[in-house]
Amino acid sequence: MFTEILVLMLSAVLIENFIFSRFMGCCPFLGVSEKPDTALGMGCAVIFVMTLASAACNLVYNFILVPFNLEYLYTIAFILVIAALVQFIEMFLRKAVPSLYNALGIYLPLITTNCAVLGAVILNMQKYSDVAKGESLLFSVLFGFFAAVGFTLAIVIFAGVRARMVYSDPPKSFRGMPLALIAAGLIAMAFSGFSGTNLG
Amino acid sequence: MNKLNIKQMLLDGILYKNPVLVQLLGLCSVLAVTTSVVNGFGMGAAATAVLVCSNLLISLLRKFIPKQVRIAAYIVIISGFVTMVELLIKAYLPALDKSLGVFIPLIVVNCMILARAEAFASKNKPLPSIIDGLTMGIGYTVALVAISFIREILGAGTLFGYNIMPKGFQPMLMAILPPGGFIILGSLIALMQKLMSLKGNKAATAKAEDTAIKTEIKAEEGNE
């Protein structure tokens, strides 16, 4: 059990990093990575939502969609669960933990259409649809959490790189997004070094 | 809707307002599926189908959807069409379904489709909305095919799965791996910006020449 969790953690955070090897969540990755602080804020919000969404969608899938033979509606069901969850988290944080809301609040609405969250939930469904319900819930939550940690790691590293890029003087047509994408490609190259790792 | 407008919309979709290379929308799927031309085209066609249908329905319902819940309504409409497209691909093109994998359901969160719904379909009549969806979808497909064309030739030495490069060619595997995706997309966007600025300069110089000629003519007229 412990080794399984360790393997899951390493592969979700490093080897199959959500951004650098799966390309999920590129919009916030490119959009909110101008400064390391905001990148960290976005990352924390994603960790929060993705962990909860993994749990909620797993429950919805196992206890609503499967019993009623509605598996084919998973896309609609999951996106609605995620949207409702994000709305709920926003309201809850605003009332209960205002300091956390002030830190994460502006990033929360953006997460509904973040493909990393929907992607993680769908991957969970595909991976753990055959195992027992309790186990699939546990592993879904762990996968959601660690994948979001990998996302945060990637976006914070990238924000650090971009903060330095401000001082560079590239050719005019490379300014802005092209240079950011090429920098992301170079970081992805570093991350692809992990892909040879065999975790047996 | 006259002919000129359609031509303009097509040009906008493919060049001036290309959803991928100029507006930078929906980059996740662009980077993920462009490892071969077949995948790129399949993804483009699937997204176009969803975009056209969702634009049509949203445009038809634009007067009935309350403003406060419009985004949620759009997402439900879009995910309905995505489910249909997904089931169709699963049934008739199982190979494509396997290679696109999780990115077919992820069309739901493709920012391009939501952006067109919000920016165009919610404010226009059904027919222009269909045309808008079609032109933007074609632009998206063209961008996907262009990127996957470069990546497939460089990374695998093939085109549509057929070997086209000379025998001694050593495929540059990096081009179909994730880093190559980022770098090639970045270079293409840079190329696009360069072309735009060149065209902008040309237009500017043409305008300047035009005004110069006009002032000359005016001066001559004044002399007479």
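Helices (H or I, at least four residues) and strands (E, at least two) are taken as DSSP runs and numbered from the N terminus. The structure is a predicted model, in which local features need pLDDT of at least 70 and side-chain atom pairs count only at pLDDT 80 or more, while totals for chains, interfaces and linings use all residues. Residues are numbered from 1 along each chain as its sequence is written, chains are lettered from A and ligands numbered from 1 in the order in which they are written, and side-chain values use heavy atoms, with hydrogens and water left out.

In chain B, L24(B) lies in the loop between α1 (3-16) and α2 (27-33), and its phi is near 55°, a positive value in a residue other than glycine. With a relative accessibility of 24%, L24(B) counts as partly exposed (between 20% and 50%, with a 1.4 Å probe and protein chains only). In chain A, N69(A) is placed in the loop between α3 (36-65) and α4 and likewise has a positive phi near 55°; at 58% relative accessibility, N69(A) counts as exposed (over 50%).

Between the two chains, 37 residues of chain A are in contact with 33 residues of chain B (heavy atoms within 4.5 Å). The buried area, that is, the accessible area (1.4 Å probe) lost on putting the two parts together, summed over both, is about 3,000 Å², with 84% of it on carbon and sulfur atoms. In chain A, the residues that lose the most area to chain B are F23(A), S173(A) and L181(A), which together account for 21% of what that side buries.
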